[in-house]
Each structure stands twice: as structure tokens, then as C-alpha cells.
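Please look over the model before reading on.

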Amino acid sequence: MKKQRDLETELFRTGLILGMTGIGIWIVYRCWLNDILPRIPCMFDRVAGIYCPGCGGTRAAEALLQGHILLSVWYHPLILYMVIIGGGFMLTQGLNRAGIRAIKGWKFHNWYLYAGIVILVSNFLLKNILRFVWGITL
């Protein structure tokens with residue numbers, strides 16, 4: 001009979017796999033493909049004429065990696081939120097699993113998802129309002 005795994009264990013393993021995959025893809029892109037691959041424009045913006053809910057995510061990640069936190073939040077606040085929540089979860093879970101029992105691993109709560117959805121929708125609405133009402137673009 002298989003031992004039932006808890007949600008935090010599955011999320012931690014998934015986070016490790018996605019994190020390592022993301023780091024690998026980023027290294028390959030930065031070292032070999034950065035100047036070869038063209039930037040793909042947002043088709044949602046081109047077809048519908050409005051920003052999509054994910055517009056600015058890549059620029060936000062790049063700004064955050066360069067240490068420009070406020071610029072990253074301007075481009076897309078969900079990126080910083082995901083780094084804080086995801087990074088905090090992975091760090092505390094990892095330290096707890098490494099044997100540092102004084103650190104309790106963060107547990108998953110539904111409000112993490114709800115807060116992320118609120119940030120995503122708010123960003124989508126705010127960016128499009130700024131664009132169409134005041135002409136402020138990204």
C-alpha cells in the first residue's frame with residue numbers, strides 16, 4: 001500500500017522540479033538564445049487591443065532579477081507576490097526537511113490563491129483603465 005503524501009510534500013517536489021527546470025531554461029536562453037530568438041508580441045493586445053492579464057510578466061521577472069523591485073511591481077505585481085509566497089514556502093519547507101526543526105515549513109492555504117487572483121484581476125483592470133482613460137501605456 002502506498003504511503004499517502006501530504007499536500008505540502010507534493011507542492012515542495014513540484015516546486016523543486018519547476019524551479020530547476022526554470023533555472024535551466026533561463027541559463028540556456030541567456031547563454032545561447034538571447035540574441036537569436038525574437039521577442040514575441042502579445043497577440044491578445046494585437047487582436048483585442050487591450051492588455052492581457054499576463055502582460056508585463058516577463059518584463060517584471062527581468063526587472064526583479066536585475067534588482068529593480070518597484071519597476072517589477074509596476075510591470076506586473078503578481079511576479080513579486082509569487083516570488084515571496086513561493087520562495088518563502090520553498091525555503092521554509094526545505095530548511096524543515098533538511099533537519100532544522102526550529103523552522104516550521106509554511107503550510108498551503110487557499111488564501112494564497114485567492115490573493116493571487118485578486119492581484120491578477122486588479123492589475124488587468126488597472127493597466128487597461130490607465131491605458132484607455134489616461135493614455136498611460138506600459
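Is F108 buried, exposed or partly exposed? F108 counts as partly exposed because its relative accessibility is 25%. (Buried is under 20% relative accessible area, exposed is over 50%, and partly exposed lies in between, with a 1.4 Å probe and protein chains only.)

This is a predicted model: local features need pLDDT of at least 70, side-chain atom pairs count only at pLDDT 80 or more, and totals for chains, interfaces and linings use all residues. Residues are numbered from 1 along each chain as its sequence is written, and side-chain values use heavy atoms, leaving out hydrogens and water.

**Aromatic pairs**
- Rings of Phe, Tyr and Trp (its six-membered ring) pair if their centres lie within 6.5 Å; planes under 30 degrees apart are stacked, over 60 edge-to-face, and the rest tilted.
- The count by this rule is two aromatic pairs.
- F108 and Y112 pair edge-to-face, at 6.2 Å centre to centre and 75 degrees between the planes.
- W111 and Y112 are edge-to-face because their planes stand at 65 degrees, with centres 4.5 Å apart.
- One aromatic cluster is formed by F108, W111 and Y112.

**Accessibility in the cluster**
- Y112 is buried, at 12% relative accessibility.
- W111 is partly exposed, at 48% relative accessible area.

**Charges over rings**
- A charge sits over a ring if NZ of Lys or CZ of Arg is within 6 Å of the ring centre and within 35 degrees of the ring normal.
- K127 lies over the face of W74, 5.1 Å from the ring centre.
- R131 has its charged end over the ring of Y51, 4.4 Å from the centre.
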